[in-house]
Amino acid sequence: MANGSFYRNDSQDLTCEIVEGVFRERMILKKKLSDLEKNNGDKDEIDRLDNMVWALKILINGYYGCCGN
């Protein structure tokens, strides 16, 4: 680099790995939720998955809010 600093590009730090894992889990749950809604699945299961998806979204957004603070 021009200022003499070096950065590693071959790995992520722990917090990025955790957020990425939570995001992947959220995408899996959103896919299951979408499939259940298309197939008129169990209403209780749809509500449970919807709540979990929102909770994971709030968790990720809250983490970024804390970092920005």
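Which residue with a positive phi follows H1? Asparagine 40 follows H1, and its phi is positive, near 50 degrees.

## Overall form

The model described here is predicted. Its chain contains 2 helices and 0 strands. The radius of gyration is 18 Å, well over the 11 Å that the globule rule gives for 69 residues, so the chain is more spread out than a compact globule. Taken along the principal axes, the box filled by the C-alpha atoms is roughly 60 × 25 × 15 Å.

## Helix H1 and its cover

Helix H1 covers residues 14-38. At 1.5 Å a residue, its 25 residues should span 36 Å, and the distance of 36 Å between its end C-alpha atoms agrees with this.

The buried residues in H1 are Val19, Val22, Arg26, Leu29 and Leu33. An α-helix has 3.6 residues a turn, so residues three or four places apart point the same way. Helix H2, residues 43-68, is included in what covers the buried residues of H1.

## Surface and charge

Across the 69 residues of the chain, 14% count as buried, that is, they have under 20% relative accessible area.

The charged side chains comprise 10 positive and 12 negative ones. The centres of these two sets lie 4 Å apart.

Terms used
Residues are numbered from 1 along each chain as its sequence is written. This is a predicted model: local features need pLDDT of at least 70, side-chain atom pairs count only at pLDDT 80 or more; totals for chains, interfaces and linings use all residues. Side-chain values use heavy atoms; hydrogens and water are left out. Helices (H or I, at least four residues) and strands (E, at least two) are DSSP runs, numbered from the N terminus. The radius of gyration is taken over C-alpha atoms; the globule rule is 2.2 Å times the number of residues to the power 0.38. Buried means under 20% relative accessible area, exposed over 50%, partly exposed in between (1.4 Å probe, protein chains only). Lys and Arg count as positive and Asp and Glu as negative; His and the chain ends are not counted. The place of a charge is taken as NZ of Lys, CZ of Arg, CG of Asp or CD of Glu. The expected span of a helix is 1.5 Å times one less than its number of residues. Contact means heavy atoms within 4.5 Å.
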